[in-house]
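Look over the structure first, then read on.

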Amino acid sequence: MQIEKFNYDNKIVRNFAIASMVFGVVGMLVGLLAAIQLYAPAANLGNQFTSFGRIRPLHTNAIIFAFVGNAIFMGVYYSLQRLCKARMFSDLLSTIHFWGWQLIIVCAAITLPLGITSSKEYAELEWPIDILIALIWVVFGANMIGTIIKRREKQMYVAIWFYLATFVTVAVLHIVNSMELPVSFLKSYSAYAGVQDALVQWWYGHNAVAFFLTTPFLGMMYYFLPKAAGRPVYSYKLSILHFWSLIFLYIWAGPHHLLYSSLPDWAQSLGVAFSIMLIAPSWGGMINGLLTLRGAWDKVRDEPILKMFAVGVTAYGMATFEGPMLALKNVNAIAHFTDWIVGHVHVGALGWNGLLTFAMIYWIIPRIFNTTIYSKKLMNVHFWLATLGILFYAIPMYWSGFTQGLMWKEFSPDGTLQYPEFLKITVQILPLHMLRSFGGLLYFSGFLTLIYNVVKTMGQGKLVANEPAEAPALEKSTMFQKGDFWHAVLEKKPVTFTILAIAMIIVGGAVELIPTLTIKSNIPTISSVKPYSPLELQGRDLYIREGCNACHTQWVRPFRSETERYQGEYSKAGEFVYDHPFLWGSKRTGPDLMRVGGKYPDGWHYNHMLNPRNVSPGSIMPAYQWLISQTLDISMTEAKLKTMQKLGVPYTNEEIANGNVSLKAQAEKIASGMQKEGIAVESDKEIIALIAYLQRIGTDIKKQNTVSN
Amino acid sequence: MKQFLGSVTGMNGYLIFSMIIFITFFLGLLVWVFKADKKYIEEMENMPFDNNIKNDNI
């Protein structure tokens with residue numbers, strides 16, 4: 001048998017590791033700033049670029065796609081080469097992938113603070129960046145599949161299946177959810193409206209967690225955990241079973257983010273049922289990870305890498321048990337929109353993704369630098385800072401979530417809300433938010449010790465950029481033998497394997513999405529619901545720019561506690577038919593705004609935006625003084641209306657041509673009304689458009705209450 | 001909400017069909033996993049440790 005000599009590319013692994021560390025610092029710092037802003041509004045720093053609504057997506061994108069994303073590529077490029085006994089397929093593709101991904105991150109870091117956003121959670125980036133993401137993702141996939149095809153190992157180890165499933169599913173999710181019609185180079189409207197947009201978004205959002213934050217990490221767990229523990233995975237058979245059931249079941253569960261919304265009931269029930277079933281494959285992965293450490297607990301005591309794996313995998317188990325529980329309708333009724341969800345997410349992000357990333361960095365860096373870690377003691381310090389950080393983060397958030405959920409729903413014996421004032425409940429939980437940011441600070445300081453330790457380790461070693469290796473060439477004639485089991489055959493055929501994995505996720509995705517997207521009767525229309533006026537549409541775009549939906553929902557659930565609190569009917573599917581994109585939000589840091597239209601006079605909104613504490617003492621909302629000084633850009637009005645018309649919003653050509661005329665007329669009316677109240681405001685300012693939108697939200701249904709199906 | 005359910009009766013067909021596909025696949029997988037060749041499983045389990053390669057540090 002011919003032995004072939006080749007080199008592993010370690011330089012690309014190092015590059016992704018450095019990128020992950022650099023953006024980890026940025027992402028965590030921005031997160032810390034956002035956390036502080038939630039009890040100290042002055043931390044918004046008085047300018048629009050650092051206000052909460054704009055930096056919240058910056059934080060989530062930086063953590064998910066920059067910190068975790070680069071860590072995924074680091075782990076995949078390291079393990080894939082070794083599991084395939086081959087160098088990456090193409091150095092050029094590796095380089096394009098690396099720099100392309102960093103370019104995307106830089107674009108995100110520039111556009112998000114500028115308020116250039118699609119407003120769809122974890123998919124905020126505008127259309128040119130979406131296209132770039134798709135291209136670079138394909139480069140990654142081509143490089144990976146190319147490597148698998150030229151491998152020198154007959155079978156594909158379980159880690160590789162997870163990598164393949166990650167690649168194909170993220171591609172499908174990203175493309176379907178990013179369907180949008182451009183208005184200009186940096187502005188687009190979602191192709192879907194209202195309920196349909198919400199369904200597609202949360203099908204994406206849920207599965208981004210599944211296939212970006214879970215499957216690649218499970219794959220890496222199956223490689224790095226056995227390596228670090230020095231023993232094979234507990235059960236390879238279990239890994240086969242849980243892989244296929246995980247990818248099949250995950251894709252259905254998205255609607256559990258939309259319980260008690262106007263999404264059709266059957267879709268909600270489907271989401272709940274599949275979420276419960278998901279416990280089985282998720283725990284299959286967790287058990288397999290933890291039991292790999294069986295009989296090696298003495299090693300776990302001395303080896304901080306294994307400690308990180310143990311706590312990380314446990315956090316995965318906790319989060320994947322909690323997720324299905326949160327998907328139960330009765331639990332969801334209390335937990336949704338509260339800090340509980342923030343706690344849940346961070347157990348996953350800080351525990352599972354964070355600790356596994358740290359463990360991989362500590363494992364990989366000394367090996368590719370041909371040295372040992374600079375300080376094991378410091379690794380232990382990091383482990384404890386991270387673990388304590390998670391506890392100080394999660395426990396206050398759970399406490400706060402319960403408090404919010406229960407206080408929002410509490411009725412007094414006479415049948416009125418016990419706490420009708422939303423702000424009173426917010427003030428109640430501020431100490432818990434302070435504790436949470438302390439937890440974040442602990443976690444972040446632990447991360448700084450990693451960076452110091454890694455820099456020192458890199459300094460004492462030298463990068464083995466091309467690591468020599470050798471393996472026998474793979475002879476095609478011996479590939480398939482008689483009597484091979486079918487899964488073993490599948491493991492030798494990456495393309496067939498990938499097609500089967502795509503089929504698995506398409507089945508669930510199609511059944512979930514297609515009926516709501518195509519069957520008209522799923523969205524009963526309401527005849528009094530009309531398209532937004534040009535000024536309101538501009539105001540809505542300001543709402544999107546400022547990220548108001550990060551803290552305010554537009555989604556009154558069918559509970560008496562909510563119809564009472566928000567003084568109006570619960571939200572109906574037909575109310576959102578012209579909402580490209582939907583703006584339901586997912587978190588109530590402030591009150592719901594579905595029925596805010598007409599609730600307060602225009603002047604109240606003006607004073608509130610100028611400084612929320614003027615009208616609501618103790619409010620934690622940022623001031624938006626720039627809306628009062630900035631002139632509304634009306635150059636795009638016509639283009640915006642035209643784009644909406646193309647998407648099916650019934651604007652007439654005449655309405656479009658006269659867009660700015662009617663915009664100015666409405667603005668003039670609002671401004672003169674406020675001038676009579678003694679507020680000196682000009683009609684061409686942004687605040688006028690925002691007020692016009694706020695006063696419109698959810699009011700159409702009041703005009704006429706006939707529902708036609 | 002009943003109005004939605006009534007109008008999407010076709011859903012049941014989709015749902016049952018896809019569950020049948022998955023359950024069949026899963027059962028096939030289960031049977032295969034239990035019948036799988038021990039040597040093959042052992043070989044797969046040890047794949048990350050393959051020491052044909054000089055520089056695989058473990």
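Predicted model: local features only at pLDDT ≥ 70, side-chain atom pairs only at ≥ 80, totals over all residues.

In helix 5 of chain A, A:Val158, A:Ala159, A:Phe162, A:Tyr163, A:Ala165 and A:Thr166 take part in a contact. Their partners in helix 7 of chain A are A:Thr215, A:Pro216, A:Leu218, A:Gly219, A:Met220, A:Tyr222 and A:Tyr223. By class, this contact of helix 5 with helix 7 has 10 nonpolar and three polar residues, and no charged ones.

Helix 5 spans residues 158–177 of chain A, and helix 7 spans residues 215–229. They pack at an angle of about 165 degrees, with axes 8 Å apart. Because that angle is over 145 degrees, helix 5 of chain A is roughly antiparallel to helix 7 of chain A. The crossing is left-handed.

## Helix 22 against helix 28

Helix 22 of chain A covers residues 602–610, and helix 28 of chain A covers residues 686–696. Their axes lie 10 Å apart, at an angle of about 125 degrees. The two helices are therefore oblique to each other. Helix 22 of chain A passes helix 28 of chain A in a right-handed crossing.

Helix 22 contributes A:Asp602, A:His605, A:Tyr606 and A:Met609 to the contact. Helix 28 brings A:Ile687, A:Ile691, A:Leu694 and A:Gln695. Five of the contact residues are nonpolar, two are polar and one is charged.

## A glycine in helix 17

A:Gly440 sits in helix 17 of chain A, residues 430–460. It counts as buried because it has 24 C-beta neighbours inside 10 Å.

Leaving aside residues up to four places away in sequence, A:Gly440 touches A:Gly31, A:Leu32, A:Ala35, A:Gly389 and A:Tyr393. A:Phe392 is 48 residues from A:Gly440 in sequence, yet their C-alpha atoms are 7.7 Å apart.

Methods:
Residues numbered from 1 in each chain as written. Chains lettered and ligands numbered in written order. Axes fitted to C-alpha atoms, helices over the stretch in contact; angles between N-to-C directions. Helix = DSSP H or I, 4+ residues; strand = E, 2+ residues; numbered from the N terminus. Parallel < 35°, antiparallel > 145°, perpendicular 65-115°, else oblique. Left-handed = near helix turned anticlockwise from the far one by under 90°. Contact = placed C-beta atoms within 7 Å. Nonpolar A, V, L, I, M, F, W, Y, C, P; charged D, E, K, R; others polar. Buried ≥ 20, exposed ≤ 12 C-beta atoms within 10 Å, placed from the backbone.
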